[in-house]
Amino acid sequence: QVQLVESGGGLVQAGGSLRLSCAASGSIFSINAMGWYRQAPGKQRELVAVIPEGGMINYADSVKGRFTISRDNAKNTVYLQMNSLKPEDTAVYYCNADIVRGFGPYVYNYWGQGTQVTVSS
């Protein structure tokens, strides 16, 4: 019914940049917060950045000043521009969204399938 599809991951050298995209599709009435999380091998999944429909954007301290989250509401898409990448940014990146389906009124939380980002030193 509702899908989140990520794209844009890959292999990049330290100091390089990548841009992730996540498009939501299906029976969508509205989308509240959209965000990105990541999970490195052997570690718990952690918040990278979240952008509400309105209000303050939140970043993990480890990515502040390097990553920028944005969204295009007309396309139901959230982006993550990642600059000055470091080897410790290597992880599977997951898109997350709070979506009101159909005619509402309930909010459901969805995850994408994940996209691998690998930063070589």
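Two strands pair if DSSP finds at least two bridges between them. Strands (E, at least two residues) and helices (H or I, at least four residues) are DSSP runs, numbered from the N terminus. This is a predicted model in which local features need pLDDT of at least 70 and side-chain atom pairs count only at pLDDT 80 or more, while totals for chains, interfaces and linings use all residues. Residues are numbered from 1 along each chain as its sequence is written, and side-chain values use heavy atoms, without hydrogens or water.

**The hairpin of E9 and E10 has five residues between its strands.** Strand E10 covers residues 107-111. E10 runs antiparallel to E9, and five bridges join the two. Val 100 has Val 107 of E10 as its bridge partner. Within the hairpin, Gly 102 takes a positive phi near 55°.

**E11 pairs with E9 and with E2.** Three bridges link E9 and E11 in the antiparallel sense. Tyr 93 stands opposite Thr 115 of E11. Strand E2 (residues 10-13) instead runs parallel to E11, with four bridges between them. One of the partners is Ser 120 in E11, which is bridged to Gln 13. E11 also has two faces. Thr 115, Val 117 and Val 119 make up the covered face. Gln 116, Thr 118 and Ser 120 make up the uncovered one.

**Four strands form an open antiparallel sheet.** The order is E1-E3-E8-E7. Strand E1 (2-7) and strand E7 (67-72) are the edge strands, and each pairs on one side only. From one strand to the next, the twist averages 15°; this angle is taken between lines fitted to C-alpha atoms, in N-to-C directions, on a scale from 0 to 180 degrees. E1 and strand E3 (residues 18-26) are joined by six bridges. Val 2 is bridged to Gly 26 in E3.

**A disulfide joins Cys 22 to Cys 95.** The term covers a pair of cysteine sulfur atoms within 2.5 Å. By this rule the structure has one disulfide. The S to S distance is 2.1 Å. The torsion about the S-S bond is about -80°, so the disulfide is left-handed. Cys 22 sits in strand E3 and Cys 95 in strand E9, so the bond ties together parts that are 73 residues apart in sequence. Both cysteines are buried (buried is under 20% relative accessible area, exposed over 50%, partly exposed in between, with a 1.4 Å probe and protein chains only).

**Tyr 93 belongs to the largest nonpolar core, which has 31 residues.** Such a core is a set of buried Ala, Val, Leu, Ile, Met, Phe, Trp, Tyr and Cys residues joined through side-chain atoms within 4.5 Å. Trp 36, Leu 80, Met 82, Tyr 93 and Ile 99 touch the most other members. Several strands give two or more residues to the core, including strand E4 (28-39), strand E5 (46-51), strand E8 (77-82) and strand E9 (91-101). E9 supplies the largest share, five residues. Tyr 93 has contacts (heavy atoms within 4.5 Å) with residues including Leu 20, Trp 36, Val 48, Phe 67, Leu 80, Met 82 and Val 117, leaving out residues up to four places away in sequence. Glu 6, Arg 38 and Thr 115 are also among the residues Tyr 93 touches.

**Arg 38, Glu 46, Arg 66 and Asp 89 are linked in a network of salt bridges.** A salt bridge is a side-chain nitrogen of Lys or Arg within 4 Å of a carboxyl oxygen of Asp or Glu. The structure holds four of them. Arg 38 meets Asp 89 at 3.0 Å, N to O. Arg 38 lies in strand E4 and Asp 89 in the loop between E8 and E9, 51 residues apart. Arg 38 is buried at 7% relative accessible area, and Asp 89 is buried at 1%. Asp 89 also pairs with Arg 66, with the closest N and O atoms 2.8 Å apart. Arg 66 lies in the loop between strand E6 (58-59) and E7, so this pair ties together parts that are 23 residues apart in sequence. Arg 66 is buried as well.

**Lys 64 forms a salt bridge with Asp 61.** The closest N and O atoms are 3.0 Å apart. Lys 64 is partly exposed, at 49% relative accessibility. Asp 61 is exposed, with a relative accessible area of 67%.
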